[in-house]
Amino acid sequence: MEHETSRRKIEHLELCARCHVESRKVSAGFEDVTLVHRALPEISMHDIDMSVDFFGKTLSFPFLIASITGGHPETTKINAALAEAAETVGIGIGVGSQRAAIDDPKQTDSFKIVREKAPTTFVYGNIGAAQIKEYGTEKVNSLVSMIDADAIAVHLNFLQEAIQPEGDIDASGCLEMIEKICAAADVPVIAKETGAGISREDALLLKKAGVAAIDVGGVGGTSWSGVEVYRARMDKDKLGEHLGELFWDFGIPTVSSLIECKVVVPVIATGGVRTGVDIAKSVALGAVAAGAALPFVEPAFKGADAVADSLRLMEQELKASMFLTGCANVKALSQTPAVVTGKTRDYLTSRGFSVSDYANKEIL
C-alpha cells in the first residue's frame, strides 16, 4: 500500500506541472528593483566571471535548483534529470523533503539519484521543522549520509501545514530543535521558508540558533497554499479549499524578505526568481545566491537536456545583466547600486527600514 507521505509527494509534483500554482495578487517585488545601467561598462562581456564559492563548492553562477521533489518512485526520473542538468551546468541543487524516505525506506532511491547524477556539485538535503520534533536530531545525519549532502535545509512550511488536513500544526519548540540540529549536524544547516518569507525578527532568532544560511522563500513564486487548494478540491475538502484560497498570497514578498534578512549569515533568494535579471537583482541586494524550483518542473519531465537549456538561458541573462552594470565578477555585482521603489519600498518603510538599509550590503 502506498504511504500517505509518498502519495502526497507525487500529487504535489503533478499539480505543480499542470496547474497554476504561483502567487496571484502579490509579486516577488523584482519589478520594484532597478539596477543602475552603465552606458560605459568598461569591461568585456567575454571576460565576465560569474563563478562563486558556495559552502566549499564552486558554482558556475550563483544559482540553485531549489528543493522540488523525491519520495515516490515516479519522482526518481525527475530528480535524475534535475541533478544531471545541475552537474552539467555547474550549479547547486536541493532535494525535496526526505520525510518520505524516513516513513518508507523504499523511497530512498528517489533521493540518492541526485548525488549519483550530480557527483561533484553542491547538493543539500531537506527535512521539515515540524518533523524534526518527531524524528529527533539523530535522523539528520542519516539524511545527510543518504545523499552525501553538502548541507541540510530545515524547511519552515507552517502555512502549508495549516491548510493541509493532515498538516503538522504544532510549531512549539521548533527553534530549540533547529538549535540542536545546528549543533549536531555534520554539515551546515540552512533555514528555508517555502513561499511565505522570513522576517527580520525570525532571521535574528535563526542566526542565534546557529544556522549557516537563510533561504527566504518569499511570496511571488509557488504558493503551497494554492497547491493545497487543488488537493482540497480533489478530496472535496471545503475547509481546506477555503483556507487555501484565503492564504494563497499570504506572507512577505521575496525582495522585502531578502532585505529584512541581511543579517551576517548568507541569504539565498527564492520565490519568484524567473530570470537571470532576477538573480542579478538578488545579488545586488545582498543575496549570496538565488534559487528557483517551479520553472524546471516541466522541463524535467522532458529530460536533463531541457533543464540544462533553461539553466543556460538564465546564465546568459545574468551575464548580460552584469555586463550592463559594469560588473566583471559576482563580488562587483554584490556592490553595484540597486534602487528600490514602489510597493517594496512602501513595505520596507512601514517596517522601519530606511533607504540606507537596503543600499547597505552589511546590515546587522
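## Aromatic contacts and the strand barrel

Phe122 is buried, as is Tyr124 (buried: under 20% relative accessible area; exposed: over 50%; partly exposed: in between; 1.4 Å probe, protein chains only). The model is predicted, so local features need pLDDT of at least 70 and side-chain atom pairs pLDDT 80 or more, whereas totals for chains, interfaces and linings use all residues. Residues are numbered from 1 along each chain as its sequence is written, and side-chain values use heavy atoms, leaving out hydrogens and water.

Eight aromatic pairs are found in the whole structure. Rings of Phe, Tyr and Trp (its six-membered ring) pair if their centres lie within 6.5 Å; planes under 30 degrees apart count as stacked, over 60 as edge-to-face and the rest as tilted. Two of the pairs are tabulated here.

| Pair | Type | Centre to centre | Between planes |
|---|---|---|---|
| Phe54 and Phe122 | edge-to-face | 4.8 Å | 90° |
| Phe122 and Tyr124 | tilted | 6.1 Å | 45° |

Phe54 and Phe122 form the edge-to-face pair. Phe54 belongs to strand S2 (residues 52-54) and Phe122 to the loop between helix H4 (109-117) and strand S6 (123-128), so this pair ties together parts 68 residues apart in sequence. Helices (H or I, at least four residues) and strands (E, at least two) are DSSP runs, numbered from the N terminus. One aromatic cluster is formed by Phe54, Phe55, Phe122 and Tyr124.

Strand S6 also takes part in a closed barrel of eight strands, S4-S5-S6-S7-S8-S9-S10-S11, with parallel pairing; strands pair if DSSP finds at least two bridges between them. Ala191 stands opposite Ile214 in S9.
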